[in-house]
Amino acid sequence: MGFILMYDITNEESFGAVQDWSTQIKTYSWDNAQVILAGNKSDMQEERVVSVENGRLLAEQLGFEFFETSAKDNINVKQTFDRLVDIICDKMSESLETDPAVTTGTPNARLTDNPPPPQQPNCGC
């Protein structure tokens, strides 16, 4: 239900691939898949080739939220995952409120590997 689309801030080629990956996600994933764009390696400011502004601008153009992270220094990693979970939960709540098929399901129904027993003709069960 969600993706973290990540590029390397020290690699222009990885930033350039974001548009293609975004198209792939939109084409082949769920209609309501949520995406966050993350520029990784923010600990490597000396080698930066993609500006924060360019990352934000691309995220805005694609309709994604944006974070810069450092997996090495654990900067914004948890916040990025937490935000993605929040976005997914918000969308699921909206679906529950707007989709009558979801809210009119059988109470306490459970999914099992076993189909229900066949009903007998003229049976009130």
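**Cores and sheet of a predicted model**

In this predicted model, the largest nonpolar core has 14 residues, and Leu5, Tyr7, Val18, Leu37, Leu58 and Phe64 touch the most other members.

Reader: What makes this set of 14 residues a nonpolar core?
Author: A nonpolar core needs buried residues of listed types, joined through side-chain atoms within 4.5 Å. Leu, Tyr, Val and Phe are on that list. Leu5, Tyr7, Val18, Leu37, Leu58 and Phe64 belong to the set. The set therefore counts as a core by that definition.

Reader: Which elements supply at least two residues of this core each?
Author: They are β1 (2-8), α2 (18-28), β2 (34-40) and α3 (52-62). The largest share, three residues, comes from α3.

Reader: How do you know what Val18 is in contact with?
Author: Contact means heavy atoms within 4.5 Å. Leaving aside neighbours within four places in sequence, Val18 meets that cut-off with Leu5, Tyr7, Leu37, Leu58 and Leu62.

Reader: What does the second, separate core include?
Author: Ile36, Phe67, Leu84 and Ile87 are among its five residues.

Reader: How much of the protein is buried?
Author: Buried means under 20% relative accessible area. Of the 125 residues in the protein, 26% are buried. The protein exposes about 9,100 Å², and carbon and sulfur atoms supply 52% of that area.

Reader: What is the order of elements from the N terminus on?
Author: The order is β-α-α-β-α-β-α-α. That gives five helices and three strands.

Reader: Why are β1 and β3 called edge strands?
Author: The open sheet has the order β1-β2-β3, with parallel pairing. β1 and β3 (65-68) each pair on one side only. The twist averages 25° from one strand to the next.

Reader: How do you know that β2 and β3 pair?
Author: Pairing requires at least two bridges between the strands. β2 and β3 have four, in the parallel sense. Therefore they count as a pair. Ala38 stands opposite Phe67 in β3.

Reader: Where do α2 and α3 lie against the strands?
Author: α2 lies across β1 and β2, running at about 165° to β1. α3 packs on the sheet and touches β1, β2 and β3. The direction of α3 makes about 155° with that of β3.

Reader: What share of contacts joins residues at least 24 apart?
Author: Among contacts between residues at least 6 apart in sequence, the share is 73%.

Key: Residues are numbered from 1 along each chain as its sequence is written. This is a predicted model: local features need pLDDT of at least 70, side-chain atom pairs count only at pLDDT 80 or more; totals for chains, interfaces and linings use all residues. Side-chain values use heavy atoms; hydrogens and water are left out. Buried means under 20% relative accessible area, exposed over 50%, partly exposed in between (1.4 Å probe, protein chains only). Accessible areas come from the Shrake-Rupley method with a 1.4 Å probe; for residues, only the protein chains shown count as cover. Axes are lines fitted to C-alpha atoms, for helices over the stretch in contact, and angles run from 0 to 180 degrees between N-to-C directions.
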